[in-house]
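This report is meant for a reader who is meeting the structure for the first time. Please look over the sequence and the model before reading on.

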Amino acid sequence: MEVHETHEKIHEIAHAGHGPEKVSFNRKIAVAISVLAALLAIVEAAGKSAQNNSISANIEAANLWAFFQAKTIRMTTMETAAEALEAVAVTGLPEPTVQVLEKKVAEWRATAQRYRSEPETNEGRKELAARAKAAEEVQRTALASYHLYEYGSAALQIAIVLCSAAAVTGAVALAFAAGGLGAVGLAFALLGWLAPTLIHL
């Protein structure tokens, strides 16, 4: 429901009816719709933010895993080259040549070890895997939050519709049902904000 539609509905309801009791009831309903509409706007904004956070974290995790794979390929290449060069070094070559080859093998092994773990830059395989898993956890939490906000938003929209029906029909039961649904929508929103992984729907 758009903001201008909600405003028009509030205006119609507030001025509908003829008797003072009907006017009073309709004004209360108009206030209830205003509160529900404000909550709906907040919940939808929070849901959009959670959705954006989920997408962003998913992209970050994918990038980190791609970097992890690139490091794995480089590390494997260095280790394979070192092993191949080591095999050549023991084939009876002159001592100076063997020393040069052994030095190169040591350099390649050190590079492979750096690809395996590099705490200084946080870009070794070990660190990249930890960062990717953390990003995946952020993505899961944000997605769970987004779903709860969506449920809350749906409940608030239905509550607004029930309030409108209550104003037209004068049925107090519809107003109470709207209040209950509004509370449910608010509960979903609070869960999405405070404990998105508490329940799984």
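How far apart do the end C-alpha atoms of residues 174–195 lie, and what percentage of the span is helix? In this predicted model, the end C-alpha atoms of residues 174–195 lie 30 Å apart, and the span is 95% helix and 0% strand.

## Overall make-up

The secondary structure of the protein chain consists of 5 helices and 0 strands, which gives the pattern α-α-α-α-α when the chain is read along its sequence. Of the 201 residues in the protein chain, 33% are buried, and the chain exposes about 12,000 Å², of which carbon and sulfur atoms supply 64%.

Contacts can also be sorted by separation along the sequence. When contacts between residues at least 6 apart in sequence are taken, 69% of them join residues at least 24 apart.

## Helix H4 and the residue after it

Helix H4 takes in the 45 residues 125–169, and at 1.5 Å a residue it should span 66 Å; because its end C-alpha atoms are 66 Å apart, the model agrees with that expectation. Just after H4 comes glycine 170, which takes a positive phi of about 75 degrees.

## Annotated regions

The unreviewed UniProt entry carries the annotation "transmembrane region" for residues 148–168 and 174–195. In the model, residues 148–168 are 100% helix and 0% strand, with end C-alpha atoms 31 Å apart, while the span of residues 174–195 is 95% helix, with a distance of 30 Å between its end C-alpha atoms.

## A nonpolar surface patch

Tyr151, Leu198, Ile199 and Leu201 together make a nonpolar surface patch of about 420 Å². One of these residues, leucine 198, lies in the segment that follows helix H5, which covers 172–194.

Is leucine 198 buried or exposed? Its relative accessible area is 60%, and because a residue over 50% is classed as exposed, leucine 198 is counted as exposed.

Glutamate 83 is found in helix H2, which is made up of residues 20–89.

Along the chain, glutamate 83 and arginine 109 are 26 residues apart, and in the model their C-alpha atoms are separated by 9.1 Å.

Conventions:
Residues numbered from 1 in each chain as written. Predicted model: local features only at pLDDT ≥ 70, side-chain atom pairs only at ≥ 80, totals over all residues. Heavy atoms only, no water. Helix = DSSP H or I, 4+ residues; strand = E, 2+ residues; numbered from the N terminus. Expected span 1.5 Å × (residues − 1). Patch = residues over 30% accessible without salt bridge, like charges linked within 9 Å, V, L, I, M, F, W, Y side chains within 5 Å. Areas by Shrake-Rupley, 256 points an atom, 1.4 Å probe, with all protein chains shown as cover. Salt bridge = Lys/Arg side-chain N within 4 Å of Asp/Glu carboxyl O. Buried < 20%, exposed > 50% of the residue type's maximum accessible area, 1.4 Å probe, protein only. Contact = heavy atoms within 4.5 Å. UniProt positions renumbered as here; feature names shortened; annotations may be inferred.
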